[in-house]
Amino acid sequence: MDNIFDIKNLNLWYGSKHALQGINLRINKQSVVALIGPSGCGKSTFLRCLNRMNDLIVNCHIEGSILFNKVNVNSERYDEINLRKKVGMVFQRPNPFPMSIYENVIYGPKCQGITNKKRLDELVESSLKKAALWEDVKDRLNSSALGLSGGQQQRLCIARAIAMEPDVILMDEPTSALDPIATAKIEKLIIELKANYTIIIVTHSMQQAARISDYTAFFLMGELIEYDKTDIIFANPKNKKTEDYITGRFG
Amino acid sequence: MKKYLNKQLFFETLYKLSIIFASLLLLLIIIFIFFEGVPALKEYGVFKMLFNMSWQPTAHEPSFGLSKMILATIISTLLSLLIAIPIGLLSSVCLVRLVSRKIKNIIMFIVEILAGIPSVIVGFFVLKTIVAFLYQHFYMNIGVSGNSMLAAVFVLALMALPTIITITVKALEAVNPMYTEASLGLGANKIQTIYKVELKAAKSGIMAAIVLGAGRVIGETMAVMLVSGNAINISSNLLLPTRTLTANIATEMSYASGLHQSALYASGIVLFIMIMLINITLLIILNKGGGDNA
Ligand SMILES: Nc1ncnc2c1ncn2[C@@H]1O[C@H](COP(=O)(O)OP(=O)(O)OP(=O)(O)O)[C@@H](O)[C@H]1O
Ligand SMILES: [Mg+2]
C-alpha cells in the first residue's frame with residue numbers, strides 16, 4: 001500500500017525541551033491510525049507537526065523530514081497553507097465559529113475563493129451528509145452553530161474539515177468532551193470516513209483505539225515506542241512498556 | 001460557618017452599597033443639570049434652542065440657539081472618529097498579529113502613556129504643528145489663522161486613538177485561540193483569519209472601544225478650545241474656526257448668569273443626550289449583528 005505520510009527522524013524542541021525524539025513512522029493511505037500514550041508524551045505535538053500547526057508556537061524548533069505524498073512539508077519552502085488544505089484538523093473541544101451552520105461549513109472553501117452559490121450549497125449538503133449531521137440540521141442551516149449540542153458541534157467541525165476535500169483528517173481527542181452516545185456516533189463516522197480519508201486520531205481510550213483504528217502508535221516521553229497493526233499492539237505487543245501501558249499497569 | 005456567612009454578607013452589602021452610591025451620584029448629576037437647564041429650555045423653547053442658529057446670550061434681546069455648536073460637536077466627533085477608528089483598528093490588528101511581541105509591548109507602553117497625557121498638551125502639540133502648518137500655507141491666500149475645525153478634528157482623533165487602540169488590542173488578545181487555530185487549520189491565511197474570525201469574535205470589545213473613544217471625543221474641551229479658534233461658526237470650509245458645545249460651556253460659564261447660565265446647563269443636557277444616543281445606537285448595532293462571543 002501507498003504511504004501518505006513518511007516521517008523520518010523527526011525531532012522537536014519547545015525551547016530547550018526535547019518533546020519529540022527521533023520519530024520514524026509511515027502512514028498508509030485510507031487507514032485509521034491511533035496515537036496513544038500517557039499525558040504529556042507528545043501525541044498532540046506530533047499530530048500538530050503533520051499540518052504545521054506548531055508553526056504558531058514561538059520557540060518551537062523542528063528537525064527531520066515529513067514526507068507528505070513524497071514531498072517534504074517540514075520546510076520553509078513548503079507553503080503550510082497548501083498543506084492545511086490537504087490535511088484537515090479536528091480539535092479536542094468542538095470549536096465551531098460563532099456563525100451559522102452553513103457559514104461554518106463553507107468557511108474553508110470560501111477562503112480558497114469559491115463563491116459560486118450553487119457549488120457552496122452542494123458542498124454544504126454533501127459535507128454534512130458525510131459527517132452524518134445533515135438530517136439533524138438541514139432545516140436550520142442558517143441558525144447559529146453554537147446552538148448545537150456538543151456532539152453535533154463536533155460533527156460540524158468534521159463536516160467543516162471535509163468540505164475542504166482533504167486527504168487526511170487529524171483528530172486530537174475528538175470525543176473526550178462528549179458523552180458516550182455522541183462518542184459512539186463519531187466513532188461510527190470515523191470508520192465510514194476511512195473509505196475516503198486517512199485519519200490520524202489521538203485518544204486516551206484504549207477501547208476506542210482498539211475499536212476504530214487499523215494501526216496504533218504508542219508514544220512515551222517523546223519517543224515512539226511501538227507502532228504496528230492495532231490487533232498486534234493490543235494482543236501481543238513486542239515492547240514491555242507498551243504491554244504495561246495497555247494493560248493499565250502504567251501510571 | 002456562621003462567621004463565614006457573616007463575612008460574605010458584609011462584602012455583598014458593601015458591593016451593593018457602592019453600586020447604589022455610584023448610581024445615585026449619576027442620578028444626582030442628571031437631576032442637577034436638568035434642574036438648572038430647564039428654565040432656559042422653558043423660557044426660550046426647546047425647539048428654538050436646538051434649531052435656532054443664533055447664540056447671543058448677552059444681547060439686549062438674547063437668543064440661545066445652540067444649533068451651530070451642536071453641529072460643530074457632531075461634525076468634529078464624526079470626522080475625528082472617521083480618522084481614528086480605521087487607524088486604530090488597523091494598528092491594533094497589526095500590533096496583535098503582525099509584529100513581534102517585543103515590538104508590541106514597546107508600542108503599547110507608548111500608547112498607554114499617550115492615553116494618560118493631559119489633553120491640553122495634545123492641544124499644544126497640534127497648535128505648534130498642524131495649526132502652524134495651516135497658518136503658513138493658507139494665511140496668504142484666504143487669511144485663515146490655522147485655528148480651525150480641521151485642527152480640532154486632528155486633536156480629537158489624537159485623543160481618541162490611544163483609547164481605541166488599548167481596548168481593541170485587549171479585545172483581540174482575548175479572542176479564544178481555538179477560533180484562530182480552527183481557521184488556520186482550514187487553510188485560511190493570517191489576514192483571512194483576522195478579518196473573518198478574530199475581528200468578529202472581538203466585536204463587542206471593539207464596539208466598547210469605539211463608544212469610549214466617542215465619549216472621550218464628545219467630552220473633550222480644553223484641547224479643542226485651544227486649537228479651534230473658538231468662534232461660533234459652522235462652515236463647510238474646515239479651515240475656518242468653530243466652537244463646540246463643551247467649549248462654549250467652558251468659555252462662558254465663568255461670567256454667565258440668569259437665563260444665560262441656565263442655557264449653558266441646557267447645552268449640558270444636550271451633550272448628555274447625544275452621548276446616550278451614541279451608546280444606544282452602538283448597542284443596537286451590536287445586538288443586530290448576531291449576539292456571539294468568545
Ligand atoms: N507550547 C508549548 N510550549 C512548551 N512546551 C510544550 C508546549 N506544548 C506542549 N509542551 C510540552 O511538550 C510535551 C508534549 O506535550 P503534548 O501536548 O504533545 O502531550 P500529549 O501527549 O498531547 O498530552 P495529553 O494527552 O495530555 O494531551 C509536554 O511535556 C508539554 O508540557
Ligand atoms: Mg494532547
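In which sense, left-handed or right-handed, does α4(B) pass α6(B)? I started there. The model is predicted.

**Entry: α4(B) against α6(B)**

I looked up the crossing and found it left-handed for α4(B) passing α6(B). Helix α4 of chain B covers residues 101–116, and its axis comes within 8 Å of the axis of α6(B). The two axes cross at roughly 140°. I therefore put α4(B) and α6(B) down as oblique to each other. From α4(B), the contact uses B:K104, B:M108, B:V111, B:E112, B:L114 and B:A115. From α6(B), I listed B:P162, B:I165, B:T166, B:V169 and B:E173. I then sorted this contact by class: seven residues are nonpolar, one is polar and three are charged.

**Entry: α3(A) against α8(B)**

Next I went to a pair that spans the two chains. The crossing of α3(A) past α8(B) is right-handed. Which residues meet here, from α3(A) and from α8(B)? On the α3(A) side I found A:Y107, A:K110 and A:C111. Facing them in α8(B) are B:Q192, B:T193, B:K196 and B:V197. The residues of this contact divide into three nonpolar, two polar and two charged.

How many of the 11 residues of α3(A) are buried? I found nine, so the helix is largely enclosed by the rest of the structure. The buried residues are A:I101, A:Y102, A:N104, A:V105, A:I106, A:Y107, A:G108, A:P109 and A:C111. I checked what they pack against. In chain A the partners are α4 (117–130), α5 (134–137) and α6 (150–162). In chain B they are α7 and α8. Just after α3(A), I noted A:G113 with a positive phi of about 95°.

**Entry: surroundings of α8(B)**

I made the corresponding list for α8(B). Its buried residues are B:Q192, B:T193, B:I194, B:V197, B:E198, B:L199 and B:A201. They pack against α3 of chain A. Within chain B, they also pack against α3 (67–98), α6 (149–173), α7 (177–185) and α9 (203–219). I also looked at the start of the helix. B:N189 caps the N-terminal end of α8(B). A side-chain oxygen there lies 3.2 Å from the backbone nitrogen of B:I191.

**Entry: two single residues**

I picked A:M89 in strand β6 of chain A, residues 87–90. Is A:M89 buried or exposed? Its relative accessibility is 6%, so I counted A:M89 as buried. Leaving out residues up to four places away in sequence, A:M89 touches A:L47, A:R48, A:N51, A:M53, A:L170 and B:G185. I also took its separation from A:V71: 18 residues in sequence and 20 Å in space, C-alpha to C-alpha.

Then I turned to B:T73, in helix α3 of chain B. B:T73 has a relative accessible area of 2%, so I marked it buried.

**Entry: positive phi in two loops**

Most residues other than glycine have a negative phi. I looked up two residues with positive values. A:N59 has a positive phi of about 75° and is not a glycine. I placed A:N59 in the loop between α1 (43–49) and β4 (60–68) of chain A. A:N59 is exposed at 63% relative accessibility.

A:M221 is not a glycine either, and its phi is positive at about 45°. I located A:M221 in the loop between β9 (215–220) and β10 (223–229) of chain A. A:M221 is exposed, with a relative accessible area of 65%.

**Entry: chain B as a whole**

I read off 12 helices and two strands. Along the sequence, the pattern is α-α-β-β-α-α-α-α-α-α-α-α-α-α. Its C-alpha atoms fill a box of roughly 70 × 65 × 35 Å along the principal axes. Of its 294 residues, 41% count as buried. I also checked contacts in chain B between residues at least 6 apart in sequence: 72% of them join residues at least 24 apart.

Technical notes:
Residues numbered from 1 in each chain as written. Chains lettered and ligands numbered in written order. Predicted model: local features only at pLDDT ≥ 70, side-chain atom pairs only at ≥ 80, totals over all residues. Heavy atoms only, no water. Left-handed = near helix turned anticlockwise from the far one by under 90°. Helix = DSSP H or I, 4+ residues; strand = E, 2+ residues; numbered from the N terminus. Contact = heavy atoms within 4.5 Å. Nonpolar A, V, L, I, M, F, W, Y, C, P; charged D, E, K, R; others polar. Buried < 20%, exposed > 50% of the residue type's maximum accessible area, 1.4 Å probe, protein only. Polar contact = N/O pair within 3.5 Å; in protein donor to acceptor, adjacent residues only side chain to side chain. Axes fitted to C-alpha atoms, helices over the stretch in contact; angles between N-to-C directions. Parallel < 35°, antiparallel > 145°, perpendicular 65-115°, else oblique.
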